[in-house]
Amino acid sequence: MPFLSDTLARVKPSPTIAVSNLAAELKRQGKDVIGLGAGEPDFDTPENIKDAAKAAMDAGKTKYTGVDGIPELKEAICAKYKRDNGLDYTPAQVSVGTGGKQILYNALMATLNPGDEVIIPAPYWVSYPDMVLLAGGEPVFVEGPSQNGYKITPEDLEAAITPKTKWFIFNSPSNPTGAGYTAEELKGLTDVLMKHPHVWVMTDDMYEHLVYDDFEFATPAQVEPGLYDRTLTCNGVSKAYAMTGWRIGYAAGPEELIKAMRKVQSQSTSNPCSISQWAAVEALNGPQDYLAPNNELFVRRRNLVVDMLNQAEGITCPTPEGAFYVYPSIHGCMGKTTPAGTVIDTDETFAKALLEEEGVAVVFGGAFGLSPAFRVSYATSDENLKEACTRIQDFCASLS
């Protein structure tokens, strides 16, 4: 009898974590590697948030808390949804977990039965399909091609819905592409969902505050109030507040679903870190004035990377609306050969050769469900980005 679970055989390790780990290992070996795989800001958590954590420790707030969050944090989350999204929730409709990933996983574990389908636009964050598979469901992919700004259309969504569809996972701005849906584009999708009352909506709004130029963020229940009773609006403090390591994610939705998610969490991790929760209270309730300067920094980096990658032979790089990623297509590189004799037959081969021959670590597009492409995180210094993009230009120019 096999020792490992059959369910585990349905999933694979996170490719983004694997790339970051490989780049770190090569650096430890003394190799000159620039890692562009990390999905986290390179600046520190704001001082007021760290001070709140220190004050919580000094006050002895180091014990177990409620399974899915302290009342003060739930109240702060409700205030955030009202302030930023015009959505009214009560603390009983809020769940707090150890990062956004746990929130999504809890919801899927609490709701999916074998054979249930979950619609996932591609390119997608690498964990969505595997979390669905772990929970016993079946991912259904809908491609948003580069020529459509990596977005799906209402017609695409309509065609994917079946009687087995239980969830539609929606992520805007997107990881890995940075693509953001306008309120008008989102309304087209929500109009489709209104025709199918058995389909629930799970939003991943983690990059809500990381939007650029004149783009305005919107979330489904905000655009279509008729979806409020079957939408789980998910978010967290990781990206905008540079709190990736603090591990706090949250969601708001129907109370029955929140109770079910609480039951899952009660038998897995129990409460999130008490100190991190108090830090998150300050993040949501405290000053927000550093968000705009941080975004200006990201806009400059985005423009630098888009400009330099579009100068690389065989690469086309759209300009994204948000997040801190670009997702360049490498159609023009396919079938070519590196100086070392490697034929570029997949984007995974491209990424591996780029790492081996130029010391630049990126995540290949196949990990996100749409090839041939790769993801670059520009959440690093201008110096690193310039050098990495120069190496990518050199690598592409060397292909024959």
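Me: How do the residues of the lining of the largest cavity divide into nonpolar, polar and charged?
Reply: They divide into 12 nonpolar, four polar and one charged. Ala, Val, Leu, Ile, Met, Phe, Trp, Tyr, Cys and Pro count as nonpolar, Asp, Glu, Lys and Arg as charged, and the others, Gly among them, as polar. The model is predicted: local features need pLDDT of at least 70, side-chain atom pairs count only at pLDDT 80 or more, and totals for chains, interfaces and linings use all residues. Residues are numbered from 1 along each chain as its sequence is written, and side-chain values use heavy atoms, without hydrogens and water.

Me: Why is the largest cavity called a cavity, and which residues lie nearest its centre?
Reply: The name applies because, on a 1 Å grid over the protein atoms alone, a 1.4 Å probe fits there but cannot get out; a pocket is instead an open set with protein on both sides within 12 Å along at least five of seven lines. Of the 17 residues lining the largest cavity, Pro121, Pro123, Asn171, Ser174 and Tyr181 lie nearest its centre. Lining residues have an atom within 4 Å of a grid point. Strand S5 (165–171) gives the most to this lining, with three residues.

Me: How much space lies in the largest pocket?
Reply: About 590 Å³, taken as the space filled by probe spheres set on the grid points. Its lining has 30 residues, and Gly39, Lys101, Trp125, Lys239 and Arg247 are the closest to its centre. Helix H1 (15–28) supplies the largest share of that lining, four residues. By class, the lining holds 10 nonpolar, 14 polar and six charged residues.

Me: What makes up the lining of the second largest pocket, by class?
Reply: Its lining has 11 nonpolar, no polar and three charged residues. Val19, Leu22, Lys352, Leu355 and Phe364 lie nearest the centre. The volume is about 270 Å³.

Me: Why is H2 called oblique to H10?
Reply: Helix H2 (residues 47–58) and helix H10 (residues 274–285) pack at an angle of about 140°, with their axes 8 Å apart. That makes H2 oblique to H10, because angles under 35 degrees count as roughly parallel, over 145 as roughly antiparallel, 65 to 115 as roughly perpendicular and the rest as oblique. Angles run from 0 to 180 degrees between N-to-C directions, and helices (H or I, at least four residues) and strands (E, at least two) are DSSP runs.

Me: Which residues of H2 and H10 meet?
Reply: Asn48, Ile49, Ala52, Ala53, Ala56 and Met57 in H2 meet Ile275, Trp278, Ala279, Glu282 and Ala283 in H10, with contact meaning heavy atoms within 4.5 Å. By class, the residues are nine nonpolar, one polar and one charged.
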